[in-house]
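Hello,

I am passing a structure on to you, and my notes follow below it.

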Amino acid sequence: MPDGKLIYLSLGSNLGDRAANLESAIAALPEIGVRVLRRSALYETEPVDFLAQPWFLNCVVEAETSLPPELLLAALQGIERQMGSRKLVARGPRLIDLDVLFYDSAVLRTAEIEIPHPRMAERRFVLVPLAELAPELRHPVFQSTIAELLRTTRDTSVVRVWEPHPCGTSSK
(Lines give C-alpha, C1' and ligand atoms only; values in the text may rest on other atoms or scores of the structure.)
Protein backbone atom coordinates (compact mmCIF):
# COMPACT_ATOMS: atom_id res chain seq x y z
CA MET A 1 0.00 0.00 0.00
CA PRO A 2 2.45 2.68 -1.17
CA ASP A 3 0.01 5.57 -0.71
CA GLY A 4 -1.55 4.13 2.45
CA LYS A 5 -2.60 6.49 5.21
CA LEU A 6 -2.02 5.68 8.87
CA ILE A 7 -5.36 5.33 10.63
CA TYR A 8 -6.65 4.48 14.09
CA LEU A 9 -10.00 2.74 14.54
CA SER A 10 -12.01 2.19 17.70
CA LEU A 11 -14.01 -1.03 18.00
CA GLY A 12 -16.64 -1.86 20.59
CA SER A 13 -19.19 -4.58 21.36
CA ASN A 14 -21.56 -5.21 24.23
CA LEU A 15 -23.95 -7.83 22.83
CA GLY A 16 -23.41 -11.54 22.28
CA ASP A 17 -19.86 -12.91 22.35
CA ARG A 18 -18.16 -9.54 22.60
CA ALA A 19 -14.60 -10.82 22.07
CA ALA A 20 -15.63 -12.91 19.04
CA ASN A 21 -17.47 -9.91 17.59
CA LEU A 22 -14.30 -7.79 17.85
CA GLU A 23 -12.18 -10.58 16.34
CA SER A 24 -14.62 -10.97 13.43
CA ALA A 25 -14.61 -7.25 12.72
CA ILE A 26 -10.80 -7.08 12.82
CA ALA A 27 -10.59 -10.13 10.53
CA ALA A 28 -12.90 -8.36 8.03
CA LEU A 29 -10.71 -5.24 7.79
CA PRO A 30 -8.27 -6.57 5.15
CA GLU A 31 -11.24 -7.47 2.92
CA ILE A 32 -12.14 -3.74 2.69
CA GLY A 33 -8.59 -2.55 2.09
CA VAL A 34 -7.45 -1.93 5.66
CA ARG A 35 -4.11 -3.50 6.69
CA VAL A 36 -3.90 -3.96 10.46
CA LEU A 37 -0.47 -3.03 11.84
CA ARG A 38 -1.07 -3.28 15.60
CA ARG A 39 -3.94 -3.69 18.01
CA SER A 40 -4.45 -2.89 21.66
CA ALA A 41 -5.49 -5.28 24.37
CA LEU A 42 -9.22 -5.78 24.90
CA TYR A 43 -10.68 -3.56 27.60
CA GLU A 44 -13.90 -4.08 29.52
CA THR A 45 -15.57 -0.72 29.83
CA GLU A 46 -18.43 0.79 31.73
CA PRO A 47 -21.18 2.28 29.52
CA VAL A 48 -21.25 6.07 29.25
CA ASP A 49 -24.16 8.32 28.23
CA PHE A 50 -26.71 5.47 28.00
CA LEU A 51 -26.03 3.58 31.24
CA ALA A 52 -28.78 0.92 31.21
CA GLN A 53 -26.91 -1.55 29.02
CA PRO A 54 -24.26 -4.28 29.34
CA TRP A 55 -20.58 -3.41 29.71
CA PHE A 56 -18.54 -3.18 26.50
CA LEU A 57 -15.37 -4.73 25.24
CA ASN A 58 -13.31 -2.13 23.37
CA CYS A 59 -10.02 -2.00 21.54
CA VAL A 60 -8.13 0.22 19.12
CA VAL A 61 -6.47 -0.84 15.88
CA GLU A 62 -3.61 0.94 14.15
CA ALA A 63 -3.80 0.30 10.41
CA GLU A 64 -3.08 1.55 6.91
CA THR A 65 -5.51 2.15 4.09
CA SER A 66 -5.61 3.74 0.65
CA LEU A 67 -9.36 4.36 0.97
CA PRO A 68 -10.36 8.02 1.26
CA PRO A 69 -12.10 8.83 4.59
CA GLU A 70 -15.68 8.74 3.26
CA LEU A 71 -15.17 5.37 1.55
CA LEU A 72 -13.43 4.03 4.66
CA LEU A 73 -16.42 5.00 6.79
CA ALA A 74 -18.85 3.41 4.31
CA ALA A 75 -16.78 0.21 4.28
CA LEU A 76 -16.70 0.09 8.10
CA GLN A 77 -20.47 0.58 8.19
CA GLY A 78 -20.72 -2.28 5.70
CA ILE A 79 -18.86 -4.55 8.15
CA GLU A 80 -21.28 -3.48 10.90
CA ARG A 81 -24.28 -4.31 8.70
CA GLN A 82 -22.76 -7.59 7.50
CA MET A 83 -22.28 -8.65 11.12
CA GLY A 84 -25.91 -7.78 11.89
CA SER A 85 -25.32 -4.70 14.03
CA ARG A 86 -28.22 -2.27 14.22
CA LYS A 87 -28.10 1.06 16.04
CA LEU A 88 -31.59 1.15 17.52
CA VAL A 89 -30.75 3.52 20.40
CA ALA A 90 -28.24 6.37 20.12
CA ARG A 91 -25.10 5.26 22.02
CA GLY A 92 -27.02 2.14 23.05
CA PRO A 93 -26.21 -1.58 22.88
CA ARG A 94 -24.14 -2.72 19.90
CA LEU A 95 -23.15 -6.04 18.42
CA ILE A 96 -20.24 -4.17 16.82
CA ASP A 97 -19.35 -0.51 16.47
CA LEU A 98 -16.45 0.73 14.33
CA ASP A 99 -15.30 4.35 14.45
CA VAL A 100 -12.52 6.24 12.68
CA LEU A 101 -10.46 8.06 15.31
CA PHE A 102 -7.65 9.43 13.15
CA TYR A 103 -6.88 9.44 9.45
CA ASP A 104 -3.22 10.48 9.27
CA SER A 105 -3.23 14.07 10.57
CA ALA A 106 -6.35 15.03 8.60
CA VAL A 107 -9.00 17.30 10.05
CA LEU A 108 -12.27 16.69 8.24
CA ARG A 109 -15.78 17.89 9.05
CA THR A 110 -18.59 16.87 6.70
CA ALA A 111 -22.19 15.79 7.17
CA GLU A 112 -21.03 12.15 6.96
CA ILE A 113 -17.82 12.09 8.97
CA GLU A 114 -15.75 14.03 11.51
CA ILE A 115 -12.03 13.31 11.84
CA PRO A 116 -10.52 13.26 14.40
CA HIS A 117 -13.45 11.62 16.15
CA PRO A 118 -15.26 14.53 17.87
CA ARG A 119 -15.80 12.90 21.30
CA MET A 120 -12.61 10.88 21.72
CA ALA A 121 -11.12 13.25 24.33
CA GLU A 122 -14.22 12.64 26.50
CA ARG A 123 -14.04 8.85 26.27
CA ARG A 124 -11.70 6.78 28.46
CA PHE A 125 -12.85 3.68 26.54
CA VAL A 126 -11.14 5.20 23.47
CA LEU A 127 -8.21 6.97 25.13
CA VAL A 128 -6.94 4.05 27.24
CA PRO A 129 -6.48 1.56 24.36
CA LEU A 130 -5.28 4.35 22.05
CA ALA A 131 -2.68 5.42 24.64
CA GLU A 132 -1.50 1.80 24.81
CA LEU A 133 -0.61 1.95 21.10
CA ALA A 134 0.29 5.60 20.54
CA PRO A 135 0.70 7.66 23.72
CA GLU A 136 2.76 10.33 21.92
CA LEU A 137 0.38 10.67 18.95
CA ARG A 138 -0.61 14.32 18.74
CA HIS A 139 -4.26 15.29 18.25
CA PRO A 140 -4.24 17.72 15.28
CA VAL A 141 -6.97 19.94 16.73
CA PHE A 142 -6.17 19.98 20.46
CA GLN A 143 -2.38 19.85 19.93
CA SER A 144 -2.12 17.46 22.88
CA THR A 145 -0.76 13.93 22.93
CA ILE A 146 -3.08 11.01 23.59
CA ALA A 147 -1.34 10.51 26.96
CA GLU A 148 -2.06 14.15 27.86
CA LEU A 149 -5.70 13.84 26.78
CA LEU A 150 -6.07 10.71 28.91
CA ARG A 151 -4.56 12.48 31.96
CA THR A 152 -6.93 15.44 31.59
CA THR A 153 -10.20 13.83 30.52
CA ARG A 154 -13.19 14.40 32.79
CA ASP A 155 -14.49 10.90 32.06
CA THR A 156 -14.15 8.75 35.18
CA SER A 157 -15.80 5.60 33.82
CA VAL A 158 -14.18 2.23 34.53
CA VAL A 159 -11.84 0.89 31.84
CA ARG A 160 -9.91 -2.28 32.71
CA VAL A 161 -7.95 -4.86 30.76
CA TRP A 162 -10.31 -7.72 30.01
CA GLU A 163 -9.40 -11.11 31.38
CA PRO A 164 -11.74 -13.81 30.06
CA HIS A 165 -12.90 -16.29 32.66
CA PRO A 166 -11.97 -19.95 32.08
CA CYS A 167 -15.55 -20.74 31.06
CA GLY A 168 -15.46 -17.97 28.47
CA THR A 169 -17.71 -15.47 30.20
CA SER A 170 -16.79 -12.18 31.82
CA SER A 171 -17.59 -10.73 35.21
CA LYS A 172 -20.16 -8.21 33.99
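Arg39 is partly exposed, with a relative accessible area of 32% (partly exposed lies between buried, under 20% relative accessible area, and exposed, over 50%, with a 1.4 Å probe and protein chains only). This arginine sits in strand E2; strands (E, at least two residues) and helices (H or I, at least four) are DSSP runs, numbered from the N terminus. Leaving aside neighbours within four places in sequence, Arg39 is in contact with Glu23, Ile26, Val60, Val61, Glu132 and Leu133, where contact means heavy atoms within 4.5 Å. Arg39 and Ala63 are 24 residues apart in sequence, and their C-alpha atoms are 8.6 Å apart in space.

Before going further, a word on the source: this is a predicted model, in which local features need pLDDT of at least 70 and side-chain atom pairs count only at pLDDT 80 or more, while totals for chains, interfaces and linings use all residues. Residues are numbered from 1 along each chain as its sequence is written, and side-chain values use heavy atoms, with hydrogens and water left out.

**Two more residues to look at**

Ser40 lies in the loop between E2 and E3. Ser40 is buried, with a relative accessible area of 5%. Not counting residues up to four places away in sequence, Ser40 touches Cys59, Val60, Pro129, Glu132 and Leu133.

Val60 belongs to strand E4 and counts as buried at 0% relative accessibility. Beyond the residues up to four places away in sequence, Val60 touches, among others, Tyr8, Leu9, Arg39, Ser40, Leu101, Val126 and Leu130. From Val60 to Leu6 there are 54 residues in sequence and 13 Å in space, C-alpha to C-alpha.

**The overall fold**

The protein has four helices and eight strands. Along the sequence they follow the pattern β-α-β-β-β-α-β-β-β-α-α-β. The radius of gyration is 15 Å, close to the 16 Å that the globule rule gives for 172 residues, so the protein is as compact as a globular protein of that length (the radius is taken over C-alpha atoms, and the rule is 2.2 Å times the number of residues to the power 0.38). Buried residues make up 47% of the 172 residues. Among contacts between residues at least 6 apart in sequence, 68% join residues at least 24 apart.

**Cores and helices**

Which residues have the most contacts inside the largest nonpolar core? They are Leu9, Leu11 and Leu72, in a core of 28 residues. A nonpolar core here is a set of buried Ala, Val, Leu, Ile, Met, Phe, Trp, Tyr and Cys residues joined through side-chain atoms within 4.5 Å. Strands E1 (5–13), E4 (56–65) and E5 (97–103), together with helices H1 (18–28) and H2 (69–82), each supply at least two residues of this core. Apart from it lies another core, of 19 residues, including Ala121, Leu127, Ala131 and Ala134.

In H1, Arg18, Ala19, Asn21, Leu22, Ala25, Ile26 and Ala28 are buried. The cover over the buried residues of H1 includes E1, E2 (34–39), E3 (43–45), E4, H2 and E5.

Eight of the ten residues of helix H3 (residues 124–133) are buried, so H3 is largely enclosed by the rest of the structure. Those buried residues are Phe125, Val126, Leu127, Val128, Pro129, Leu130, Ala131 and Leu133.

Enjoy exploring it!

Best wishes
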